[in-house]
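Student: Could we go through this one together, starting with the contacts of a single residue and then moving on to the strands?
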Amino acid sequence: MMSRFEYRTLTLAQRGLLYSMRLECWVNQFLPDSPEIIARMLGFDRAEIAADLPFVMSFFDVQNGRIFASDLEAYRSHLNSIRERQAQGGKAGAEKTNARKSRTGKGVRGKSGKPTANPSSEPTGSPAGNCRVLSTVQPSPAQPREGSVVGVTGDSGVLSEITLSPDWEVDHGL
């Protein structure tokens, strides 16, 4: 836009009119081909709009009494095609996900995607797998208590340790 000779020769007021008109065309797709109505819509003096309008009209197309910014309409079309492709991709992804869930929804599955041996043995609300408290020994008052050590049996069956917050323990009756 700035490299166009027509733009570089516009006055500051004309550039302001040009961009005000382009913004209006972006929101409402067109402007009426009437300096009086444009002046009312944009909130400018009718005489000033009438005087500057011929200088900015090279940036617009006029059809059936309406002023259009064809470059903005082409860009709008481009954005709409991107949105449409994204929507189609999202729908296709949702279909794949939902199909996968319906195929695998027959058994309870862990992180590895393999069915767990005994789904009813997992405590509800547990942050990870099968949890057991390894120690109920309280730390001394000199050592602030950050949480309890809990044993977690992972997919490999190996016992590992995690630390839970005191709030989780209170919420879950530990």
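Student: Which residues is Arg-22 in contact with, leaving aside its neighbours within four places in sequence?
Tutor: Arg-22 is in contact with Met-1, Phe-60, Asp-71 and Leu-72, where contact means heavy atoms within 4.5 Å. This is a predicted model, in which local features need pLDDT of at least 70 and side-chain atom pairs count only at pLDDT 80 or more, while totals for chains, interfaces and linings use all residues. Residues are numbered from 1 along each chain as its sequence is written, and side-chain values use heavy atoms, with hydrogens and water left out.
Student: Is Arg-22 buried or exposed?
Tutor: Arg-22 is buried, at a relative accessible area of 11%; buried means under 20%, exposed over 50%, and partly exposed in between, using a 1.4 Å probe and protein chains only. Arg-22 belongs to helix α2, residues 12-28, helices being DSSP runs of H or I with at least four residues and strands runs of E with at least two, numbered from the N terminus.
Student: And what about Met-41, where is that found?
Tutor: Met-41 is in helix α3, residues 35-42, and is partly exposed, with a relative accessible area of 38%. Not counting residues up to four places away in sequence, Met-41 touches Glu-24, Leu-31 and Pro-32.
Student: Changing topic, what is the strand order in the open sheet?
Tutor: The order of the three strands is β1-β3-β2, with antiparallel pairing, and two strands pair if DSSP finds at least two bridges between them. β1 (31-32) and β2 (61-63) stand at the edges with a single partner strand each, so one side of each has no neighbour in the sheet.
Student: Which residue does Pro-32 stand opposite?
Tutor: Pro-32 stands opposite Arg-66 in β3.
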